[in-house]
Amino acid sequence: MKTGFGKQFRVSDNFKLSNHPTDISDRINAADAKEALKTIRKELSAFQEKLYAHNRYSVLVCLQGMDTAGKDSLIRQVFKEFNVRGVVVNSFKTPSALELQHDYLWRHAIVLPEKGKFGVFNRTHYENVLVTRVHPEYLLKENMPGIEAVKDLPKDFWKKRFEQINHFEEQLVNNGTILFKFFLHLGKDEQKARLLRRLDKQKHQWKFSPGDLAERALWDRYMDCYEDAIRHTSPATAPWHAIPADDKDICRYLVASILLEQLKTYKDVQYPDPGPEITEHVQQYRAQLEQQ
């Protein structure tokens, strides 16, 4: 299979969704992608073991996308070989009363991965410039000073939020977090097909909500907000990758490939030297154990 997907799917400063396909099954065979993922996720697991022992970096993987984009299944498949204590997944839904008593980034900051571990955000801090932008009335629950109604929002409100997010991520990267941001780019027709499959299969009907249809009706507005948010929050230190998501096997393969490709550049991530106290007396310690 090919490599170099990191550069291929990284977004540019003039990012436009229309320039990024949702389906590339004519370029990558889904069956081959599914098979290749088996090897990649084992290599990712091996890296995580070294990362834990090295204890200098953490890895944060941010997954953002419309409903049914495949975030949950991607997490299951890509991190399948990991030690369960080596990866922590957080899913962000409607903010709780406690979370609303803090600034909008607080609930994300308090669950950042520890050094040596992978963290996955299933939906992310970008909800605060996506969902709240499509539904600005939600912002009123944050009780921000001087904002009693939507009309009170300053003209530069979203620009400032983009800047705040950029600063937040810059701080993470500068302090040892290896940050990945993936937009799972799902086509509207494919979302329709997936929602219909949810309704057709009784065991999946619990995933469906009438609210899904209401949000789907706002598709174009969401796409505009995604495009604007990604364009303004993709610096070289924390770039976005727009991943075609119409085929789940290809999507998972691309995400895993980009993770491994970038993580391999961290040559300093190695197992610690045990020191002469261990290396010079290995045979002695072995003999003592064998005699017990």
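Analyst: What follows covers the overall layout, some ring contacts and a pocket.

User: What kind of model is it?
Analyst: This is a predicted model, where local features need pLDDT of at least 70, side-chain atom pairs count only at pLDDT 80 or more, and totals for chains, interfaces and linings use all residues. Residues are numbered from 1 along each chain as its sequence is written, and side-chain values use heavy atoms, with hydrogens and water left out.

User: How many helices and strands are there in the protein?
Analyst: The protein has 12 helices and five strands. Both are DSSP runs numbered from the N terminus: helices are H or I with at least four residues, strands are E with at least two.

User: And how much counts as buried?
Analyst: Of the 292 residues, 47% count as buried. Buried means under 20% relative accessible area, exposed over 50%, and partly exposed in between, with a 1.4 Å probe and protein chains only.

User: Now rings. How many aromatic pairs?
Analyst: The count is 11 aromatic pairs. Rings of Phe, Tyr and Trp (its six-membered ring) pair if their centres lie within 6.5 Å; planes under 30 degrees apart are stacked, over 60 edge-to-face, and the rest tilted.
Analyst: Phe92 and Phe121 form an edge-to-face pair, 4.9 Å centre to centre with 85° between the planes.

User: Which parts does that pair tie together?
Analyst: Phe92 is in the loop between β2 (87-91) and α4 (106-109), and Phe121 is in strand β3 (residues 118-122), so the pair ties together parts that are 29 residues apart in sequence.

User: Are those two buried or exposed?
Analyst: Phe92 is buried at 6% relative accessible area, and Phe121 is buried at 1%.

User: Which residues do ring pairs link into a cluster?
Analyst: Phe5, Phe9 and Tyr253 are linked that way.

User: Where does the charged end of Lys141 sit?
Analyst: Lys141 has its charged end over the ring of Tyr138, 5.7 Å from the centre. Arg161 lies over the face of Tyr104, 3.8 Å from the ring centre. The rule asks for NZ of Lys or CZ of Arg within 6 Å of the ring centre and within 35 degrees of the ring normal.

User: Last topic: which element gives the largest share of the lining of the second largest pocket?
Analyst: Strand β4 does, with four residues.
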